[in-house]
Amino acid sequence: MKEIARVNSPGASGYYLSDGDLNLAILHFKNDAVAGVERGAGWSGIHHIGFAVESLEEIADKLAAAGSKPRDDVNEALGVGYGRRHGGNVEVKYSGPDGVMIDVSETGWVGTSGFEPK
């Protein structure tokens with residue numbers, strides 16, 4: 001994997017690595033709201049795993065059927081959710097198994113083959 005970007009935002013600092021298909025974000029969250037209250041800013045480990053999907057609406061229905069709920073607290077703190085954001089990415093975080101959040105995106109992430117910046 002190659003370093004493809006660095007982030008130093010109000011919510012997190014860190015690095016993005018990618019091989020063109022797989023993307024790894026190594027982040028240090030700067031506040032509890034962005035990290036999620038159950039983890040907190042000082043937590044270390046797998047925070048979330050992301051999946052590129054064809055439709056946010058269809059995956060929302062499937063995740064709801066499996067008992068997963070949107071993490072509105074974290075989505076709001078990160079400024080993500082339905083609709084475009086800076087860089088052209090659209091993603092939504094959900095509760096996942098064992099406390100690891102699920103992150104879904106129609107556009108992919110920086111460094112992945114599906115991401116096309118606007």
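Strands S5 and S6 pair in the antiparallel sense over four bridges; pairing requires that DSSP find at least two bridges between two strands. Helices (H or I, at least four residues) and strands (E, at least two) are DSSP runs, numbered from the N terminus.

This is a predicted model, in which local features need pLDDT of at least 70 and side-chain atom pairs count only at pLDDT 80 or more, while totals for chains, interfaces and linings use all residues. Residues are numbered from 1 along each chain as its sequence is written, and side-chain values use heavy atoms, with hydrogens and water left out.

Both faces of S5 are covered: Glu91 and Lys93 are buried on one side, Val92 and Tyr94 on the other. Buried means under 20% relative accessible area, exposed over 50%, and partly exposed in between (1.4 Å probe, protein chains only).

Helix H2 spans residues 56-65, and its buried residues are Leu56, Ile59, Ala60 and Leu63. Seen down the helix axis, these buried residues fall within an arc of 110°, so they line one face of H2; the arc is that of the directions from the axis to the C-beta atoms. An α-helix has 3.6 residues a turn, so residues three or four places apart point the same way. Glu58, Asp61, Lys62 and Ala65 are exposed on the other side of H2. Strands S5 (91-94) and S6 (101-105) are among the elements that cover the buried residues of H2.

Conventions:
Contact means heavy atoms within 4.5 Å.
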